[in-house]
Amino acid sequence: MFSISDNDFFARRCVWVNGPVIVGAGPSGLAVSACLKEQGVPCVILERADCIASLWQKKTYDRLKLHLPKQFCQLPKFPFPEHYPEYPTKKQFIEYLESYANHFDIKPQFNECVQSAKYDEACRLWRVKTVSANGSEVEYICQWLVVATGENAERVVPEIDGLKEFGGEVFHACEYKSGEKFKGKKVLVVGCGNSGMEVSLDLCNHDAQPSMVCRSSVHVLPREIFGKSTFELAMLLMAWLPLWLVDKILLILTWFILGNIESYGLKRPSVGPLTLKNTQGKTPVLDIGALEKIRSGKVKVVPGIKKFNCGTVELVNGEKLEVDSVVLATGYCSNVPYWLQESEFFSKNGYPKAQFPNNWKGKSGLYAVGFTKRGLAGASADAIRIATDIGKGEDWWHYQHPVDYCWYRKKNCRMRDMFAPGYVWNGWQSASGTYTISKGYNWRRGVSENWAWGR
Ligand SMILES: Cc1cc2nc3c(=O)[nH]c(=O)nc-3n(C[C@H](O)[C@H](O)[C@H](O)COP(=O)(O)OP(=O)(O)OC[C@H]3O[C@@H](n4cnc5c(N)ncnc54)[C@H](O)[C@@H]3O)c2cc1C
Ligand SMILES: NC(=O)c1ccc[n+]([C@@H]2O[C@H](COP(=O)([O-])OP(=O)(O)OC[C@H]3O[C@@H](n4cnc5c(N)ncnc54)[C@H](OP(=O)(O)O)[C@@H]3O)[C@@H](O)[C@H]2O)c1
């Protein structure tokens, strides 16, 4: 099955996986695992961090709340507790994910970072190599590979002239926790997406003096319109109206509620917010208070950066600002191209090439969950599709009921999966798929066993 020349197959510990390997134990990976479990499909989740939902647990600031109402953020088959508020806090969301994992008895393999994954044409299996925190290496072999490493796997750190000579503290928004330690300090926040806006708001609330860089344009929408979430309203309108018209309606309503934001230095893109999200994946900002701080002058909006000097930043309009610290709220990217050796389904930017809703399934048992640029709702929809697709392809019952002995009468029976070193054979299937598994009593050993019978 495996070519002899492939030496490293024998160099590392090798594990055969009955069912799919899921890479990533964030909301997407947990959702797929839960949906698979419901269908009796076993799986293994590999997670580089030491906990589930590491983005939420380790890389987000304290004041973070879900910015969409909870019904759009819950994972399949397990609603949020009723007492949760409309917009759960980060802590509540993490607690929800913990109980989700407990409810479905999901136990990821933590501290295992996937280094590479490749489809082996010779044996028609995926070979997934990991390195753990202590340096040990394992190779997982499976028929299905589910990529759940997220759209925000790695921080984006732009190269800006002179940043190395700046001298003050420079860090990414994923390391920002709270503005407490910046009281009285001048902080430059680079970027005006949801992170940039909220970090600026938080800095204001802690009596710091933030300046926020808006180098191009941004759509800022109110989080709610007439007491209804803007997202929900947009979904309702989109069911009846074309996208361009929904965009127009949203922008008119926004103008009434927020006024003309261009007068504060926040240029609006020429394309509407939903069209922009669908075509370029750029998320509109849902305002939860930053705009008020901008209006009152507590957050200063500044244009793009020309370069940094020691303790100062020079902007493209020639203005120079003294700055103590810099927060790079410059976004995130996928890390799929660094480890997945495949170029048909995924493009170079780490997203599936196909557009939503056709971007969840590739060839040879490859799947992607959570790459729809539609947040948690998109991840849940993907998870259900993927689990249904994997579940229907096999009779998973026998994976759940390991057999100790088998009898078969047809010559074309094939034993499954016996080649992987260290693998304990636990199932078989005839080529025609006809077999039964039943309990039998082994008089010689004095124990009950599962027996498989072929016709
Ligand atoms: C600050 C912030 C706030 C957000 N707020 C919202 C919101 O309110 N609503 C919403 O819908 N979306 C929100 N999002 C989008 C967010 O990406 C999703 O909510 C959600 O976290 C996506 O889940 P995921 O499982 O796809 O990815 P992630 O949560 O990023 O999980 C991916 C997991 O894969 C692991 N991983 C990555 N690479 C490897 C590897 N090579 N080997 C092993 N493991 C690996 C990571 O450690 C991580 O645990 C927010 C994003 C950010 C950054
Ligand atoms: N629940 C919540 O409330 C919440 C909070 C935070 C984030 N999120 C989500 O998390 C995801 C990431 O959001 P994000 O705000 O971190 O990233 P983002 O939306 O990608 O925004 C990045 C920002 O950085 C700017 N930028 C990048 N490089 C720059 C440079 N060299 N100079 C100046 N500006 C630069 C971008 O400007 P350009 O547009 O000009 O490139 C953009 O304004 C989004 O999906 C978002 O909705 C949600």
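Here is a short tour of a predicted model, stop by stop.

Before you click, note that residues count from 1 along each chain as its sequence is written, while chains are lettered from A and ligands numbered from 1 in the order in which they are written. Local features here need pLDDT of at least 70, side-chain atom pairs count only at pLDDT 80 or more, and totals for chains, interfaces and linings use all residues.

Colour by pLDDT, the predictor's confidence in each residue from 0 to 100. The protein chain averages 88, with 84% of its residues at 70 or more. Now select residues 1–6 and then residues 404–435: pLDDT stays under 50 over residues 1–6 and also over residues 404–435.

Next, pick strand S20, residues 325–328 (strands are DSSP runs of E, at least two residues, and helices runs of H or I, at least four, numbered from the N terminus). S20 pairs, meaning DSSP finds at least two bridges, with S9 (residues 169–172), parallel, over four bridges. It also pairs with S10 (residues 186–190), again parallel with four bridges. Zoom in on Leu328: His172 is a bridge partner, and Val190 stands opposite Leu328 too.

Now show ligand 2. Which residues come nearest? Of the 25 around it (C-beta, placed from the backbone, within 6 Å), they are Gly191, Gly193, Ser195, Ser216 and Gly331. Helix H5, residues 194–205, gives the largest share of the shell, four residues.

Last stop: residues 233–258, listed by UniProt as "transmembrane region" in an unreviewed entry; such annotations may be inferred rather than shown by experiment, and positions follow the numbering used here, with feature names shortened. That stretch is 85% helix and 0% strand, its end C-alpha atoms 17 Å apart.

Definitions and conventions
Contact = placed C-beta atoms within 7 Å.
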